Amino acid sequence: VSNRFELITSEELEDDLSSKEEQADARLEEHNVAEGSNEEPTPEEAERNGQRDGKGTNQPDQMPVLNNKPRKKKKKRKTKKTSAGEALEDDDLEDIDSLLEKIEDTNGLSQESQSGIIADSKPLLYIEHRNLNPENELKRYFGARAVLGDQRPRQRQRQYVRSTWLTAPKNTWPRYSKTGIAMQLVETRRGVQYFTFEHHREYQQVQFKFLDAVESMDPNNIVLLLQMNPYHVDSLLQLSDVCRMQEDQEMARDLVERALYSLECAFHPVFSLTSGSCRLDYRRPENRAFYLALFKHLMFLEKRGCPRTALEFCKLILSLDPENDPLCVLLMIDFLSLRAREYAFLTRMFQEWESHRNLSQLPNFAFSVPLAYFFLSQQEEHSELELSQARERAARLIQLALIMFPSVLMPLLDHCSVQPDARVASHSFFGLNAQISQPPALNQLTSLYVGRTHSLWKDPAVMAWLETNVHEVLRMVDARDPLVEESEHKRKMRYQSAPRNIYRHVILSEMKEATAALPLEVTSQPVMGFDPLPPLDSIISYTRPERTNHPSNESTLSLFFRSLLPNFNLQGDIRHDGDEEAGAGQDLNQGVNRLMAAMRDMLANIQFQEPPRDDNPEGDGDWD
């Protein structure tokens with residue numbers, strides 16, 4: 001055997017080499033014809049011509065002849081390498097989605113049955129990395145060229161940054177360096193891993209400065225803090241709220257993404273976003289920033305028109321603590337599922353969690369699940385049996401929802417600008433008494449649902465379906481169905497007071513219909529954007545040091561003016577012990593100047609009330 005590598009030669013290489021042989025022979029023939037050469041071909045040329053004009057398959061005895069051309073093999077390798085490099089440079093962005101799909105297909109995570117319905121082999125809260133990127137969803141809507149635009153040439157020249165899943169780092173962000181946040185694995189119990197974020201000493205000092213800046217009520221202090229520490233998470237979240245109040249939505253969203261990037265860079269190597277078995281305890285203050293950053297990012301995604309990506313982030317928040325649900329994302333996961341048209345996910349969640357979570361006792365699930373079944377019954381790709389079953393389930397569940405929560409109907413129709421017919425409007429079951437008699441906690445849940453999801457009910461087909469079932473419910477009420485009385489008893493016994501996580505969700509959602517229904521014990525206390533309504537059983541790992549006061553160094557006059565003017569300071573900044581004696585005279589002059597300035601401010605702010613006139617007809621009358 002003249003070629004030692006004959007046994008490992010692939011068929012593709014043989015085809016490429018044979019095509020090269022044909023091109024070279026064709027060029028040689030044209031050259032000979034042009035010169036008018038009448039010479040007979042040499043034996044090698046005859047052999048090659050016979051190979052070209054003969055059989056299409058390569059015989060084993062011809063393998064050494066074809067493969068024994070080292071010059072052409074080197075050239076082939078070189079061109080193959082350059083073409084592959086150009087392909088990687090040109091198609092690096094388009095191939096990401098296809099690669100992820102191939103990886104998931106090989107792992108058996110997206111297998112389809114012969115009927116075309118996706119099998120439920122994945123866990124309920126399984127997270128897909130490709131669905132965490134809003135650009136993938138926008139590209140499905142508008143195309144890659146419209147979304148990316150002219151970003152590709154700039155991305156090739158971008159400096160090296162760490163690859164992350166939650167957000168994509170931007171060129172305008174400051175250069176990232178270690179912030180002092182780390183993640184530790186606390187324990188592993190029953191296949192579930194419990195993690196926690198930790199603040200190192202230098203990050204704790206920055207956190208204390210941040211708390212001082214918040215107490216000063218001046219956003220400029222937070223801006224100064226971020227200039228020195230550009231990836232301090234709580235400062236980014238607090239400043240994001242300030243920008244959102246000032247209608248700067250782009251900057252607010254950018255600050256939240258930067259906070260997520262800072263936290264993701266501190267992930268533990270074992271921490272997984274997709275497994276659904278990693279937990280973070282919300283009772284630890286260090287973990288709350290991650291929850292809040294995910295929730296705020298989710299809200300921006302929903303407003304941006306990316307409900308599928310927002311649903312994936314909602315599932316991620318729920319997977320971090322599905323038992324306690326500290327931000328109560330169960331109150332909005334149904335809305336995101338309907339907006340993203342993930343009806344199968346919503347119905348599957350209801351079927352799997354109803355037995356141990358009583359999802360039907362939440363107004364949002366009681367109304368959204370039958371709406372999802374109704375939308376499934378409108379899809380023509382399913383069989384007639386499946387469509388009829390979906391219609392029956394939708395009708396049965398919406399009737400149960402209307403009987404259990406009759407106070408939802410009238411506000412829902414009012415938000416949809418729909419006038420009910422005379423029978424519904426005059427019936428006492430759906431009247432004003434249904435809204436007044438319900439407990440305050442239930443009023444918050446119904447107001448939140450109506451304010452958030454009323455746009456999904458404006459479809460004329462949905463309204464016609466709802467009207468049919470409303471009349472059926474009124475027939476059951478007039479017939480004194482025992483289910484009606486049982487549901488009324490449940491409403492009175494339950495929903496006496498809402499848990500703290502529902503209040504926290506209402507505050508973060510900023511739904512005006514639900515915020516107006518918050519109780520006084522929640523609205524009377526200050527609510528901080530970086531930590532709204534902290535848990536009462538918080539686990540504190542470090543505490544803020546108390547401020548050191550020096551009352552002995554202040555004179556009686558200084559204490560008197562401090563009681564009148566809290567910002568007045570006679571002694572100015574506290575000096576070190578070695579500088580006190582040297583600057584005693586200067587301190588005295590500065591103290592006198594501050595005293596005079598404080599007195600001028602006090603006199604300028606005094607407003608004298610004019611004495612009552614004698615001819616005032618509305619003066620004080622005689623005392624009886």
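This is a predicted model: local features need pLDDT of at least 70, side-chain atom pairs count only at pLDDT 80 or more; totals for chains, interfaces and linings use all residues.

Mentor: Residues are numbered from 1 along each chain as its sequence is written, and side-chain values use heavy atoms, with hydrogens and water left out.

Trainee: How many helices and strands are there in the protein?

Mentor: Helices (H or I, at least four residues) and strands (E, at least two) are DSSP runs, numbered from the N terminus. The protein has 30 helices and three strands.

Trainee: What share of the residues is buried?

Mentor: A residue is buried under 20% relative accessible area, exposed over 50%, and partly exposed in between (1.4 Å probe, protein chains only). Of the 624 residues in the protein, 42% are buried. As for contacts, meaning heavy atoms within 4.5 Å, consider those between residues at least 6 apart in sequence: 71% of them join residues at least 24 apart.

Trainee: What span should helix α17 have, and how far apart are its end C-alpha atoms?

Mentor: The expected span of a helix is 1.5 Å times one less than its number of residues. Helix α17 (residues 363-377) has 15 residues and should span 21 Å; its end C-alpha atoms are 22 Å apart, which agrees. Because 15 of the 15 residues of α17 are buried, this helix is largely enclosed by the rest of the structure.

Trainee: How is a pair of packed helices to be read?

Mentor: Two packed helices are described by the angle between their axes and the distance between the axes. Axes are lines fitted to C-alpha atoms, for helices over the stretch in contact, and angles run from 0 to 180 degrees between N-to-C directions. Angles under 35 degrees count as roughly parallel, over 145 as roughly antiparallel, 65 to 115 as roughly perpendicular and the rest as oblique.

Trainee: At roughly what angle do α13 and α25 cross?

Mentor: The axes of α13 (residues 285-304) and α25 (residues 500-509) cross at roughly 45° and come within 11 Å. That angle makes α13 oblique to α25. Their crossing is right-handed; a crossing is right-handed if the near helix is turned clockwise from the far one by less than a right angle, and left-handed if anticlockwise. In this contact, L292, F295, K296 and M299 of α13 meet H505, L508 and S509 of α25. By class, the contact has four nonpolar, two polar and one charged residues. Here Ala, Val, Leu, Ile, Met, Phe, Trp, Tyr, Cys and Pro count as nonpolar, Asp, Glu, Lys and Arg as charged, and the others, Gly among them, as polar.

Trainee: Which residues of α9 and α11 meet?

Mentor: Y203, Q207 and F210 in α9 meet V233, D234, S235 and Q238 in α11. The axes of α9 (residues 201-215) and α11 come within 9 Å and cross at roughly 30°, and the two helices are therefore roughly parallel to each other.

Trainee: Is M349 buried or exposed?

Mentor: M349, found in helix α16 (residues 343-357), is buried, with a relative accessible area of 0%. Not counting residues up to four places away in sequence, M349 touches L124, L318, L330, I333, E354, L359 and F365. M349 and D334 are 15 residues apart in sequence, and their C-alpha atoms are 9.5 Å apart in space.

Trainee: Where does R341 lie?

Mentor: R341 lies in the loop between α15 (333-339) and α16. Although R341 is not a glycine, its phi is positive, at about 60°. With 66% relative accessibility, R341 counts as exposed. R480, in the loop between α23 and α24, has a positive phi near 55° and is likewise a residue other than glycine. R480 counts as exposed, at 75% relative accessibility.
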